[in-house]
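I opened a new model today and kept notes as I went. Here is what I looked up.

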Amino acid sequence: MVKKIQKNGSDKKASTQAFNSPLSGAIKDSAQQIWLAGLGAFSKAQEEGGKAFESLVKEGLSIQRKTQAVAEERISEATNKVSSMATDISSKASGQWDKLESIFEERVAKALNKLGVPSARDVDALIKRIDALNQHVQQLTGKAPAKTAARRAAPAKKAVVVKKPAAKKVAARKTTRKVAA
């Protein structure tokens with residue numbers, strides 16, 4: 001059950017006396033001074049707030065410029081490093097491509113040689129032999145062949161000579177022998 005507590009007149013007197021005591025007066029004075037100090041600080045902040053704000057903006061601007069300069073320097077260094085790395089990688093890759101190309105060319109040349117296709121050197125050697133034979137024939141006959149002179153005037157083209165199978169060569173030899181006989 002709830003009991004009602006009645007307020008006595010004596011309670012009011014005790015609380016009034018507590019407010020009039022020296023301790024309560026000191027607390028009131030202290031609270032008043034704190035309040036006034038807060039109002040003064042607020043007033044001063046309003047007066048000097050604009051100046052302080054401008055000062056902070058200037059400091060922030062200088063810090064931003066310094067930071068940007070450092071960042072640009074770092075970016076420049078990183079760009080240079082990446083560019084040198086790319087150059088190194090590119091040179092290594094081109095060297096690897098050159099090796100791969102030479103290996104490919106060697107294998108193709110071997111395959112063509114196995115198939116009986118003469119190389120460019122072989123064709124050049126044959127052309128030189130033909131020219132030498134033509135000169136020898138010219139010396140023996142005393143006439144200049146027209147084809148040799150025309151061949152020398154025109155740039156030499158590399159011809160690809162395809163070897164005939166052995167069976168056809170034998171048949172060709174037999175027909176030339178019959179005609180010669």
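My entries go from the overall fold to one helix, then to its surface and a pocket.

**Overall.** I noted first that this is a predicted model. I counted 5 helices and 0 strands. From the N terminus, I read the order as α-α-α-α-α. I then checked burial: of the 181 residues, 3% count as buried. The protein exposes about 17,000 Å². Carbon and sulfur atoms supply 62% of that area.

**Helix α2.** I followed α2 over residues 22–115. It has a kink of about 50°, centred on Glu 48. Just after α2, I found Gly 116 with a positive phi of about 95°.

**Nonpolar patch.** I looked for nonpolar surface and found a patch of about 410 Å². Phe 104, Val 108, Leu 112 and Leu 115 make it. The spacing made me recall that an α-helix has 3.6 residues a turn, so residues three or four places apart point the same way. I picked out Leu 112, which lies in α2.

**Largest pocket.** I got a volume of about 240 Å³ for the largest pocket. Which helix gives the most to its lining? That is α2, with 5 residues. Both α2 and α3 (120–141) supply at least two lining residues each. I listed the lining, which includes Glu 105, Ala 109, Asn 113, Pro 118, Arg 121 and Asp 122. Val 108 and Leu 112 line the pocket and also belong to the nonpolar patch.

How values were computed: Residues are numbered from 1 along each chain as its sequence is written. This is a predicted model: local features need pLDDT of at least 70, side-chain atom pairs count only at pLDDT 80 or more; totals for chains, interfaces and linings use all residues. Side-chain values use heavy atoms; hydrogens and water are left out. The bend at a residue is the angle between axes fitted to the seven residues ending there and the seven starting there. Helices (H or I, at least four residues) and strands (E, at least two) are DSSP runs, numbered from the N terminus. Patches are made of residues with over 30% relative accessible area and no salt bridge: like charges are joined within 9 Å, nonpolar side chains (Val, Leu, Ile, Met, Phe, Trp, Tyr) within 5 Å. Accessible areas come from the Shrake-Rupley method with a 1.4 Å probe; for residues, only the protein chains shown count as cover. A salt bridge is a side-chain nitrogen of Lys or Arg within 4 Å of a carboxyl oxygen of Asp or Glu. On a 1 Å grid over the protein atoms alone, a cavity is a set of points where a 1.4 Å probe fits but cannot get out, and a pocket is an open set with protein on both sides within 12 Å along at least five of seven lines; lining residues have an atom within 4 Å of a point. Grid points are joined across faces, edges and corners, and a volume is the space filled by probe spheres set on the points. Buried means under 20% relative accessible area, exposed over 50%, partly exposed in between (1.4 Å probe, protein chains only).
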